[in-house]
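Subject: Structure for your review

Dear colleague,

Please find the sequence and structure below. My notes on the packing of the side chains follow.

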Amino acid sequence: AGQDSHRGMTTLRHVKPRTGLDEVVGGAFKRRVSSWKNQIRPGDPKFPPERDRYHLYISYACPWAQRCYATILFKGLEDVITISIVHPTWQYTRPGQDEHIGWVFGDPSDPPLTNLNGYGAYSAEYSIPDFVNGAKCVRDLYELAGDTDGKYSVPILWDKKNKTIVNNESADIVQFFNSAFDEFAKYPDVDLYPEELRPQIEELNSWIYPCINDGVYRCGFSQTQDAYEKAFDELFNALDRAEELLSKQRFLTGARFTMADLRLFMTLIRFDPVYVVYFKTNKKRIDEYHNLFNYMKEIYQMPAVKPTVNLQHIKIHYLSSHPKLNYYGIIPKGKEVDLDAPHDRHRFPYEDYKKKR
């Protein structure tokens, strides 16, 4: 594809911008794989782990991005990996040029934004602008890196030295943070993906990802009743399976907190405030599952997790960014839930994830 200059960034011709809302086939939501899959490894000639070389772009609202941020805090990499956090409300990224909507950057001092229909007033509180590239929207970053895929998603792990995207797949990024930067980490002994538990973690991921993590989106973005009901049934069968598992042990693999738990938590924390209403996942709330609810509270209360949970951004994003699903951008008040209330997971054995086996 040819290139031309646009707002100081590189713009690729013939790239059709799209969002997750465009990934519907036959009425069913089918998420496409991430397009940037470079690896960071010790000794790698192109992308070696280095202090202050990489920058993470996230949304507090995005479950995939939030788990990357949480992994930074679990490992103590706050002084190694810099971070920017987008505004919660999607906006037009090239007004007058095309109809793409997506993530934009904001400063907490900026005036509130409306939704795309001109309704609501959504603050940029807690956002962190792009102080690395000066981008106005996430799309700018993809075009600066020469992207040809057209899905301008977060998270993005950015190489400040080569001015390009390293990777935009959260499953890869959390692995980089878990092990590749240990020489710079405050907590190098923390291991959320211990080798002896990896087969178990991957088996758990094989049903938690499609049925729960992605399952809520398959419910919410379905365009036929059959697709919705299939996703709905698979979602609640999987939640029942997780509830049963957690009735016998503290975490998904047993006594030790792992990446599998971090993955499941990201959906659980959004479930009652957003998905039950917005994605029509209304068979049961998480606070109606005794074990899942207490498990969620324990993980929320972990020092590396709580700072990454911003329910204001979560609710605003989902409920203001999809004009077809919520025209006026009304944010439901919802039920007050004390996530800091005591949990009962102490009844099960616990193995410290901060110590390598």
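Is Phe74 buried or exposed? Phe74 is buried, with a relative accessible area of 3%; here buried means under 20% relative accessible area, exposed over 50%, and partly exposed in between, with a 1.4 Å probe and protein chains only.

This is a predicted model, in which local features need pLDDT of at least 70 and side-chain atom pairs count only at pLDDT 80 or more, while totals for chains, interfaces and linings use all residues. Residues are numbered from 1 along each chain as its sequence is written, and side-chain values use heavy atoms, with hydrogens and water left out.

Helices (H or I, at least four residues) and strands (E, at least two) are DSSP runs, numbered from the N terminus. Beyond its neighbours within four places in sequence, Leu56 has contacts (heavy atoms within 4.5 Å) that include Tyr69, Ile83, Leu157 and Phe177.

**Aromatic pairs**

There are 30 aromatic pairs. Rings of Phe, Tyr and Trp (its six-membered ring) pair if their centres lie within 6.5 Å; planes under 30 degrees apart count as stacked, over 60 as edge-to-face and the rest as tilted. Phe74 and Tyr353 are edge-to-face, because their ring centres are 5.4 Å apart and their planes stand at 85 degrees. Phe74 belongs to helix α1 (residues 63-75) and Tyr353 to the segment after α9 (311-320), so this pair ties together parts that are 279 residues apart in sequence. Tyr353 is also buried, at a relative accessible area of 6%.

Phe221 and Phe279 likewise form an edge-to-face pair, with centres 5.4 Å apart and planes at 70 degrees. Phe221 is in the loop between α5 (215-220) and α6 (225-245) and Phe279 in the loop between α7 and α8 (290-300), 58 residues apart. Phe221 is buried at 8%, and Phe279 is buried at 0%. Both belong to one aromatic cluster, whose members include Trp64, Tyr228 and Tyr318.

**Charges over rings**

A charge sits over a ring if NZ of Lys or CZ of Arg is within 6 Å of the ring centre and within 35 degrees of the ring normal. The charged end of Arg241 sits over the ring of Trp207, 4.1 Å from its centre, and Lys284 lies over the face of Tyr289, at 3.9 Å from the ring centre.

Yours sincerely
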